[in-house]
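Me: I would like a close look at a single part of this model. Here it is.

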Amino acid sequence: MVRALKFLGLIAVLAAVFPVVGGASPARTAANSVTFQDSRGEDAQGPDITTVTVANDNTGLITFKIDVPNQAQLSGEKLIDLVIDADNNKATGDQDPLNPGADYAIELFQQQANLYQWDGQTYSRSAAGPSEATLIFADSPTGPTISINAVELGNTKKFNFSATVISGLRFDDAGNLDFTNAHADFAPDLGHGLYPFEVKVAPLKLLVKNFKTSPRRPRAGGAFTMQMTAVRNDTGATLQGGTVKCAAKAGGATLAARTHRFAGTAAVCSWAIPGSARGKTFRGSITVVFEGKKVTKTFSSLIR
């Protein structure tokens, strides 16, 4: 495990050094974001976590915003740690009373974030472990933000976690971390369990982004095309595949589609309008089906 294991192993020692002042305040919830209040002023010389805000977007990207306004800068002597019980089960994972059921640990140290997984004995980074491809972090005036996709946390839907910020670290002459002058803050306070969070992803919907016809109105004896661009509601990505379904009538007569396919990012339907259909009403629809979801655009006009 490298530094994270050393740090996690020292939490019990640090608990005896840094007193607990009260418990964590109730969480505030807004949309799919939860803000947890931490107790204040535990150590006048140490970092003081005020809040931890957790949120996720519709792609499953989970973001942890740790506010430490009195020591917000990600300096080299500061280490930040997130311990996560990804399966919401205390009986699995780390059985340390301070990290009950923890399955993963994220360590942010010296401008580098690493993901570790509990292997039954320690938090490790084995070749078979998590890929951490989506793990990123950013600085801010009030503290760091750490993001990772739920897929890399065992596709978690509901988890528990704790955050720790420790400052005053240095390396000794042998290159090992020295915690002699360390000061730390824990959220929630030691002995108060872990914070809970539920990942909520909105059901996939398809939305119409652009629609046009060519020509503007169908002409008797000519070709008529309907073209639609559809996007996902969760990522905003434009669809480039799926099933295109076309339906149309001229008056009461059903028209067979000559084209029903994707052309680049656009779904396309086209019909041949009979010469005898002049003055009749064209009623048509174009539908895109993707991952069991569909979106339809309809159009009607007198045939010229």
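How do strand 17 and strand 21 pair, and over how many bridges? Please describe the surroundings of strand 17 as well.

Reply: This is a predicted model, in which local features need pLDDT of at least 70, side-chain atom pairs count only at pLDDT 80 or more, and totals for chains, interfaces and linings use all residues. Residues are numbered from 1 along each chain as its sequence is written.

Strand 17 and strand 21 (residues 266–272) pair in the antiparallel sense, over six bridges. Strands here are DSSP runs (E, at least two residues), numbered from the N terminus, and two strands pair if DSSP finds at least two bridges between them. Thr-225 has Ser-270 as its bridge partner in strand 21.

Strand 17 also pairs with strand 16 (residues 206–214), in the antiparallel sense and over eight bridges. In that pairing, the bridge partner of Val-208 is Ala-230, in strand 17.

Strand 17 covers residues 223–232 and is mostly covered. Seven of its ten residues are buried, that is, under 20% relative accessible area with a 1.4 Å probe, protein chains only.

Four strands form an open sheet in the order 19-18-22-23, with antiparallel pairing. Its edge strands, strand 19 (253–254) and strand 23 (293–302), each pair on one side only. Strand 19 is joined to strand 18 (residues 243–250) by two bridges, and these two strands run antiparallel. There, Ala-250 has Ala-253 in strand 19 as its bridge partner.

Key: Heavy atoms only, no water. Buried < 20%, exposed > 50% of the residue type's maximum accessible area, 1.4 Å probe, protein only.
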